[in-house]
Amino acid sequence: MTYRHRNDPDLIRELLNDPGIWVVVGLSGNTARPAHGVAQWLKHELHKGIIPVHPKAETVHGEQGYASLADIPDQDVKVIDCFVNSEHVGAVVDQAIEHKDRLQIDAIWMQLGVVDEDAADRARAAGMKVVMDTCPRIEWPRVRGEGSAR
């Protein structure tokens, strides 16, 4: 599969180093799912605030969960981190666009294997930054390494 989007290493560095809140869409109490481990890492290793979003609205890693982006109370959110299949990520992006101003959303991060060029284009057109088809935990060693080399 080939696609147009190229991730900007400076954007990845910015998002990972910013202390802002990450909404993790697809995060539930299921410890076998990748979202569970990545969210735990974001919270405990990078000291980020996380907000779980999953239809079950479970509390995960001690954080109140919500069934959808629409249910999250007004606040400043840095990243919507999408742990959903590519065929479903467009709907998540559309919700993020709808709630962008209310939640002050800066970026969409589509996890490893999640690709939707049209959704990425819509997010950018709405003024959000986009990272696609990678995981913050995979990117962190490179970002951390670059930071310590300066």
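1. Helix 2 (34-44) and helix 3 each contribute at least two residues to the lining of the largest pocket; helices (H or I, at least four residues) and strands (E, at least two) are DSSP runs numbered from the N terminus. Helix 3 gives the most, with four residues. The model is predicted, so that local features need pLDDT of at least 70 and side-chain atom pairs count only at pLDDT 80 or more, while totals for chains, interfaces and linings use all residues. Residues are numbered from 1 along each chain as its sequence is written, and side-chain values use heavy atoms, with hydrogens and water left out.

2. The volume of the largest pocket is about 480 Å³. On a 1 Å grid over the protein atoms alone, a pocket is an open set of points where a 1.4 Å probe fits, with protein on both sides within 12 Å along at least five of seven lines; lining residues have an atom within 4 Å of a point. Grid points are joined across faces, edges and corners, and the volume is the space filled by probe spheres set on them. Of the 27 lining residues, Val25, Gly26, Phe83, Val84 and Asn85 are the closest to the pocket centre. The lining divides into 16 nonpolar, nine polar and two charged residues (Ala, Val, Leu, Ile, Met, Phe, Trp, Tyr, Cys and Pro count as nonpolar, Asp, Glu, Lys and Arg as charged, the others as polar).

3. The largest nonpolar core has 27 residues, and Val23, Val25, Leu69, Ile72, Ile80, Ile108 and Met110 have the most contacts inside it. Such a core is a set of buried Ala, Val, Leu, Ile, Met, Phe, Trp, Tyr and Cys residues joined through side-chain atoms within 4.5 Å. Helix 3 supplies the largest share of this core, four residues. A second, separate core of 23 residues includes Val24, Ala39, Trp41 and Leu46.

4. Leucine 15 lies in helix 1 (residues 9-17). Leucine 15 counts as buried because its relative accessibility is 0% (buried means under 20% relative accessible area, exposed over 50%, partly exposed in between, with a 1.4 Å probe and protein chains only). Not counting residues up to four places away in sequence, leucine 15 touches Trp22, Lys48, Lys78, Val79, Ala107, Trp109 and Val131, a contact being heavy atoms within 4.5 Å.

5. The whole structure has zero disulfides, a disulfide being a pair of cysteine sulfur atoms within 2.5 Å. The sulfur of cysteine 135 is 13 Å from the closest cysteine sulfur, in cysteine 82, which is too far for a bond. Cysteine 82 is buried at 0% relative accessible area, and cysteine 135 counts as buried at 8% relative accessibility.
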